[in-house]
Amino acid sequence: MTDAPPPAGGAHGLRRRVPGLLRLSSLRLRLVAVFALVALTAAVSVSGIAYWLNRDAVLTRAQNSALNDFRDSLQRNAASLPVQPTCASLNNAANRIGGPDTYQVVLIDTTPDNSPCAATSNRDVFTLDDVPASLQRAVNTPHSKDDNRYHLHWERISLQGHPYLVAGARVNDGGPTGYMLKSLDAERKDLNSLAWSLGIATLLALIGAALLAQAAGSTVLRPVRRLGEAAQRLGEGHLDTRLKVSGTDELADLSRTFNSAAEALEQRVAELSAREAASRRFVADMSHELRTPLTAITAVTDVLEDEAEALDPMIAPAVRLVVNETRRLNELVETLMEVTRFDAGTAKLRVDEVDVADMIMACMDARAWLDSVELDAPRGLLATLDPRRLDVIMANLIGNALKHGGSPVRVSLRKEAAPPAGAHRAGTGAAEAPAGHGAGHEGTGRDRDGGPGDDAGGDTGAGDGEIVIEVSDHGPGIPEEVLPHVFDRFYKADASRARSEGSGLGLSIALENAHIHGGDITAANSPSGGAVFTLRLPVRPHEDDTADTADADGTSGRPSEGRSDGPGNGTPGGAR
Amino acid sequence: MSGVPFLLLIEDDDAIRTGLELGLSRQGHRVVSAATGEDGLRLLKEQRPDLIVLDVMLPGIDGFEVCRRIRRTDQLPIILLTARSDDIDVVVGLESGADDYVIKPVQPRVLDARIRAVLRRGERDSTDSAAFGPIVIDRSAMTVTKDGQDLQLTPTELRLLLELSRRPGQALSRQQLLRLVWEHDYLGDSRLVDACVQRLRAKIEDVPSSPTLIRTVRGVGYRLDTPQ
């Protein structure tokens, strides 16, 4: 309704619309993260262990078979060699032992002419230079044991980025030294594909974990969200909000607790409002009951008053006191009745189209205020309102200014264009009563008349918009701490003024009378000193004009005639 | 209707009845009172008062019913005594045929002013007559006829018709009519006008729901037309 709240509400709504997934602090995200972490740890360790075990097994098997083969072959072929073979026979032997498709071999021995000879099965792939020095040293180290098997040493090396197994042994009893080179490319390929598989498996496990976390989050968070929504509805005043309890878990317990809390709250509120309704009814009944004796007493006050002059001087003041206080009591009961009607929401508007300036004049005239109040009100400003209620408002505002403010009291009237729907209601006083709520916020459609012929705007100056009446005085103004309470019931700005003439209900009633029109009153201090009460009333009330709808017999045929007649006649007659 | 106005007061509460009797007598009225609606109707037949002041809340038949029964035979002015101004009481009371209402507690002076205003409505003010279609208003005899037949109008209805007929074709606002007919101050209750117009239409219009004589002027009030 007001200007200020929508952005706040909008931002709130926006925040609510952002899915939980996107909020860093959300429970869902944390759940997903934890699940993923657990899955990652498990998958990585399992894959790692599996990879290393597999690698070991694959390599060992390939290595062992190659080494065993090499050893057997070397033994067989070396044994057939002479003690000091020729380079050619070494070459032959090397070619016999190794092969292009298994492994390459280098045989080294001393030739008959005492020069060393290195025979290789494939010179392009494997020469003695490829054998690491450490392996050569290990192979050449003499063996202390005297078993007839010679010791086989091996190492894994990498040549031009390819993995190889290189092994070497010296044939016992001065035989040749043999080295072999076996490519482990096939094994590496196998291991690589295994690693890939394990990686993919880990990834799948992660995705699975995330999905699981999402699902788990949903099952946990859905009830939490429902709980949150329910709590919000409860906060908005829907006290009958309850959650469906299913299951026996902690969330069900929480729901049960919520339900019992809501029930207790509802009960308490019902109790309180019943008590309040009872006390309101009591006040209503009470003031109603007071009427009967008051009516009887009032009926004879005139008689007493007329006779007072002729009475004993001791008795006359007593009679006058009774008469005057009876009138006061009458007014008080009348005011109380009015308040109870607002509280019960039974106050009704009885609108009529009136000249506002005339109304204000008449109101002041009836109370003999014309001399003490400056009036700046252009005539011809027509508004559809309840004349009696406007009178009550003006009487209270002007009366208050005369009583508590300093003269001169000034009343000004002007018309303003319609504000953005209900904008001025943002500053509504604290004493906004239920009746005011009902009337003030009920629908904003103000087209009472509908048809184009009924728009009395143009020529009468009473189009849609609002009338603004300011009542200002030149007194000390209203203290800041009192300002929010000026419309409170029975609030007296000055505690020492225990018994003022007012009922203490005047401004509160004025405000409620403004609310029922869909208008408002605000109190402020003018910069030049003194208090300013500003009354705003819509030119046309948003509620249906019962007086007009009761007997709508369609005068749309001659609308202009009716319009020009009415105001023309109405104003000169004035309000006297 | 000359001399001292003769009132019938129907009110069940002893204290209020006594008080009002005292106050109204003091204002120069002759008052006869009844505690129930039945007694009141009986007294009406026996004593022929000028005006009835009628409480709404009565034991037995209530004020509205008393009002309706009186209107079947008599057109004398009735002023309702009601407890609440905003209540449905007022509307129902006016629909039952009451001419005016006052709210309790009422000062005898105010009630007296209302009584005198109501009684003045029956007074003749000029001698000419006017015709609006089938309706002929004879201001000298204070009678209204429709197609030659006498219409039974209460003084208030008659006065309303007279005021409207004095400005034919001209719209009168409710507040103007309240001042002219009811002699109310500026805070008159416009429901009085609406209720009286309804009753008047029921008597003079051919089809009261689509009136051709007393037309509503939206946002202004009412107007008396000569049917085309």
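What follows is a conversation about the two chains of a predicted model.

Because the model is predicted, local features need pLDDT of at least 70 and side-chain atom pairs count only at pLDDT 80 or more, while totals for chains, interfaces and linings use all residues. Residues are numbered from 1 along each chain as its sequence is written, and chains are lettered from A in the order in which they are written.

Visitor: How many strands are there in chain B, besides its helices?
Guide: Helices (H or I, at least four residues) and strands (E, at least two) are DSSP runs, numbered from the N terminus. Counted in this way, chain B has eight helices, and its strands number 12.

Visitor: What percentage of the residues of chain B count as buried?
Guide: A residue is buried if 20 or more other C-beta atoms, placed from the backbone, lie within 10 Å of its own, exposed if 12 or fewer, and partly exposed in between. Chain B has 228 residues, and the share of them that count as buried is 50%.

Visitor: Where do the buried residues of helix α4 of chain B lie around its axis, on the same side or on opposite sides?
Guide: In this helix, which spans residues 88-95, the buried residues are B:D89, B:V90, B:G93 and B:L94. The arc, taken from the directions from the helix axis to the C-beta atoms, is only 120° for these residues, so they lie on the same side.

Visitor: Which helices of chain B are included in what covers the buried residues of α4(B)?
Guide: The cover includes the strands β4 (78-82) and β5 (100-103) of chain B. Among the helices in this cover are α3 (63-73) and α8 (190-204).

Visitor: How are α8(A) and α9(A) oriented to each other?
Guide: Axes are lines fitted to C-alpha atoms, for helices over the stretch in contact, and angles run from 0 to 180 degrees between N-to-C directions. The axes of α8 (residues 356-366) and α9 (residues 387-404) of chain A come within 10 Å and cross at roughly 60°. Angles under 35 degrees count as roughly parallel, over 145 as roughly antiparallel, 65 to 115 as roughly perpendicular and the rest as oblique. The two helices, α8(A) and α9(A), are therefore oblique.

Definitions and conventions:
Contact = placed C-beta atoms within 7 Å.
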